[in-house]
Amino acid sequence: FGRVLLESKDHDLLEELLEEEAIVSKTVVWNSSGTRGAEAVAFPYDELRDYVLAEYIASLGDASKQLELLKLSSNIRDSLSPFVSTSEGVGRYLYCRGKLHGDLKLLELVEKSDGYEEIRAEALFEIPEERITDLDIEFLKQLFLTGDIRGRWHVFVNLLNRKDATLNPRLNCTVAVQWISELTEEGIAKCIYPMMDSSDARYGGSRRYLQSIEEVTKALSNSFADVPNVEALRLRFPFAELLLYLRLCPGESYGYPARDALVEVCKRQPRLFPMFQSKYLATNSTGARAIILLSEDLAANEIAIDS
């Protein structure tokens, strides 16, 4: 199938289409040596192939044949990335189908496949929230706190993209803040710091597994570019909280971008610091430590603090 390089003059239109991922998807063409190649846009043939395979496997009545075919699909490699197994996409479709239809046999089948944790993590962000159980949320939480870098980043970026808690009441940005707030300062550095310790990225549609803290902090701070009233500020408050916790990550390359972004946001939104004080200052928490650092940052930049 054809590919269009992202340097195309139609870049803005392509970016809009990529948000849906139904017609075209953004990916990285990996070199045979395993190094990252060019970014490209392609018709999602692989997604269609995985869907057809998953539907066929689901239609079989014999559980042993289903498992055999699912394992065989691991020998089919992604057409753009030879290091990605087709069984991941097939497994994701089967897991979603099992969740949507309450098919426990399909869920048990996927659980026996390679890469089950990643399959489950991706699928849980693609199904209606009413199908998500408390056990699913606990699974995502533990993956975020203790999983490998790729798993942690996948959970983090998907929560980050869910800005409106009214649309996604169970899995949203506020949930990420809640999980991070339970960590010690050392735990935050251990959990968050390694996720951004790389400029490399692997795309799955428009999702990234790794990206720099500069990009994260820019995305978070941009949320405060237009805040018309107090209610809008309250809705965006979880993004400021994430900046606050990222400020604790050690090192010039990590804590400083978040520090600078948070100082700028507080300068533009003077009501923000009192909101931080109200929630954290009287507590014996990691957030309270972050508030002290923030007050020092604001004072160093000669920004008045309203109490």
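Buried, in this talk, means under 20% relative accessible area; exposed means over 50%, and partly exposed lies in between, with a 1.4 Å probe and protein chains only. By that rule Arg92 is buried, with a relative accessible area of 9%. I will come back to Arg92.

First, the ground rules. This is a predicted model: local features need pLDDT of at least 70, side-chain atom pairs count only at pLDDT 80 or more, and totals for chains, interfaces and linings use all residues. Residues are numbered from 1 along each chain as its sequence is written, and side-chain values use heavy atoms, with hydrogens and water left out.

Now the overview. The chain has 15 helices and 5 strands. These are DSSP runs, numbered from the N terminus: H or I over at least four residues for helices, E over at least two for strands. Of the 307 residues, 49% are buried. The accessible surface is about 15,800 Å², and carbon and sulfur atoms hold 51% of that. Those areas come from the Shrake-Rupley method with a 1.4 Å probe, and for residues only the protein chains shown count as cover.

Contacts next. A contact means heavy atoms within 4.5 Å. Take contacts between residues at least 6 apart in sequence: 62% of them join residues at least 24 apart.

Look at helix 10, residues 185-192. Its buried residues are Gly187, Ile188, Ala189, Cys191 and Ile192. What covers them? The cover includes helix 7 (134-146), helix 8 (149-161), helix 9 (173-181), helix 12 (230-246) and helix 15 (286-300).

On to salt bridges. The rule is a side-chain nitrogen of Lys or Arg within 4 Å of a carboxyl oxygen of Asp or Glu. The count comes to 13. Here are some of them.

Back to Arg92. Its side chain meets that of Glu126 in a salt bridge, 3.3 Å from N to O. Arg92 sits in helix 4 (residues 86-101) and Glu126 in the loop between helix 6 (116-124) and helix 7, so the pair ties together parts 34 residues apart in sequence. Glu126 is partly exposed, at 41% relative accessible area. There is a network here too: salt bridges link Arg92, Glu122 and Glu126.

Next, Glu182 and Lys141. Their side chains form a salt bridge at 2.8 Å, N to O. Glu182 lies in the loop between helix 9 and helix 10, and Lys141 in helix 7, so this pair ties together parts 41 residues apart in sequence. Lys141 is buried at 15%; Glu182 is partly exposed at 46%.

Now a pair within one helix. Arg234 forms a salt bridge with Glu231, with the closest N and O atoms 2.5 Å apart. How far apart are they in helix 12? They are 3 residues apart, about one helical turn. Arg234 is partly exposed at 47%, and Glu231 is partly exposed at 42%.

Over to Ser221, in helix 11 (residues 213-222). Ser221 is buried, at 11% relative accessibility. A polar atom of its side chain lies 3.1 Å from the backbone oxygen of Lys218. Leaving out residues up to four places away in sequence, Ser221 touches Leu243, Ala261, Val265 and Arg268.

Last stop, Glu302, in the segment after helix 15. Its phi is near 55°, a positive value in a residue other than glycine. Most residues other than glycine have a negative phi. Is Glu302 buried or exposed? At 74% relative accessibility, Glu302 is exposed.

Methods:
A polar contact is a pair of N or O atoms within 3.5 Å; within protein, one must be able to donate a hydrogen and the other to accept it, and residues adjacent in sequence count only if both atoms are side-chain atoms.
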